[in-house]
Amino acid sequence: MTTPLSRFGDRARRSAWAVWLTGGGVYFLALLHRASLGVAGPDAVDRLGITATQLGSFVMVQLGLYAAMQVPAGVAIDRFGPRRVLFVATLVLGTAQLGFAFATSYPLALAARGLLGIGDAAVFIAVLRLAAMWFPHHRYAVLTMLTGLIGMAGNLAATVPLVAALGWLGWTRTFAITAGASLVYALLLLRPAVAAPYRAVPATNVPTVPRRALAEVREAWSRRETRLGFWTHQATMAPGVVISLVWGYPYLTAGLGYSDAAAASQLSIFVLGTLAMSFVVGPLAGRRPTWRSPMAIAVAVLGIAAVALLVLWPGGQPPHAVVTVAFVMLAVGGPGSQIGFHIARDYNAPVRISTATGLVNAGGFVGAMLAAIVVGRVLDLRSGVADPSLLDYRWAVASIGVIAIVSTFSLVLTLLGVRADILDRMARGDHVVVPQTEHWWDRAYRRVTRRPRPSS
């Protein structure tokens, strides 16, 4: 017999795709706004009269505030729900992009990019929260992949189409139109909230909101698996983000001598490579849990190799085909970074999924922020008042590789600790989410850290 409650559950499940796609639309716009500086960098230098360090500071402030807001955003989503947070985020994104459209000075433009980072901070983890609340657990990996694909579509719109719009409409009208798209889209998020079929029911008699939020943050970060997700996200994602968001376009045009159209096409290849690899990495990460960390290490090493290919190519002027290969190698980092979100979901309670996801998501953007400002600083130190040469760009890009190596080392070290924890729990007969098999590197880690073997 069908009850009213069961009929409500059926209707909720049928509307799940509409709910998730509405959130996905916000993520499309967020990525369009976020990546817009990637091809507008040279225009920003001319319009605002800024240096390479100041151009890098746009990304530093944007990504720095994005990373800093990850934990507050996650807490807000867990507290107020993703729909309300997405509504506010969409309005903030539109307002920030509108301010950027009319900015004629460096401080105003910098403030607009900072506000954009704040609005962008909650979008991705809110959409993932919708996936967790509206779909069963076994679909989460696929939905994470599809969310990434929607974002890549927004990133793709910020390459050749945005270059064409800037050339046709100019700076102010181009960014004003994209701002208006977000402000209008916010109307879709005004619909009343509907109870999600897979939402976590909050516990009763909990502490006050600030105390509970801090407790959830501490609890999420105290888990070594959350820190593994953080370093996974940073090691895999940061190099590609720096290239696609700000420094890839100047490197191609000012360093390698590409035309504006050729550079935009090259960045489009980066986005298309990310889209293509999402169909490989995403499903494998979802269906093969034991492959996740080895895949993450492989992706991180691939990014380091791509940077080395660009920097160490004889003469410093790699052929177009080699540049394309390097960009495709870097593009794998986007899908690979999603492995960190799988780890966060598997090892954290449902009530703090968004908090843990925010911590993980901060990883890649903290690394990208540091790399962006270091690249700009290296260019300014080497070139002085002159335009940077190709050799200057090679040194600057090399700094991205150094940061990626440090992140990858941290990933490996944290992974060994997580594996040791899991093997200890297995030896005690405790339940583990993803069983592991002991290898020689696990025994070497125990010897180096003097970690005793547990008694079974």
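Q: Which residue's side chain meets that of R382 in a salt bridge?
A: This is a predicted model: local features need pLDDT of at least 70, side-chain atom pairs count only at pLDDT 80 or more, and totals for chains, interfaces and linings use all residues. Residues are numbered from 1 along each chain as its sequence is written; side-chain values use heavy atoms, without hydrogens and water. A salt bridge puts a side-chain nitrogen of Lys or Arg within 4 Å of a carboxyl oxygen of Asp or Glu. At 3.0 Å, N to O, the partner of R382 is D392.

Q: How many residues apart in sequence are the parts that R382 and D392 tie together?
A: R382 lies in helix α19 (residues 353-383). D392 lies in helix α20 (residues 390-428), so the pair ties together parts whose separation in sequence is 10 residues. (Helices are DSSP runs of H or I, at least four residues, numbered from the N terminus.)

Q: Is D392 buried or exposed?
A: Buried means under 20% relative accessible area, exposed over 50%, partly exposed in between (1.4 Å probe, protein chains only). R382 has 39%, so R382 is partly exposed. D392 has 6%, so D392 counts as buried.

Q: How many residues apart in sequence are the parts tied together by D442 and R419?
A: D442 and R419 form a salt bridge, with their closest N and O atoms 2.8 Å apart. D442 lies in helix α21 (residues 440-449) and R419 in helix α20, so the separation is 23 residues.

Q: Which segment holds R451?
A: The side chains of R451 and D421 meet in a salt bridge at 2.4 Å, N to O. D421 lies in helix α20, whereas R451 lies in the segment after α21.

Methods
Helices (H or I, at least four residues) and strands (E, at least two) are DSSP runs, numbered from the N terminus.
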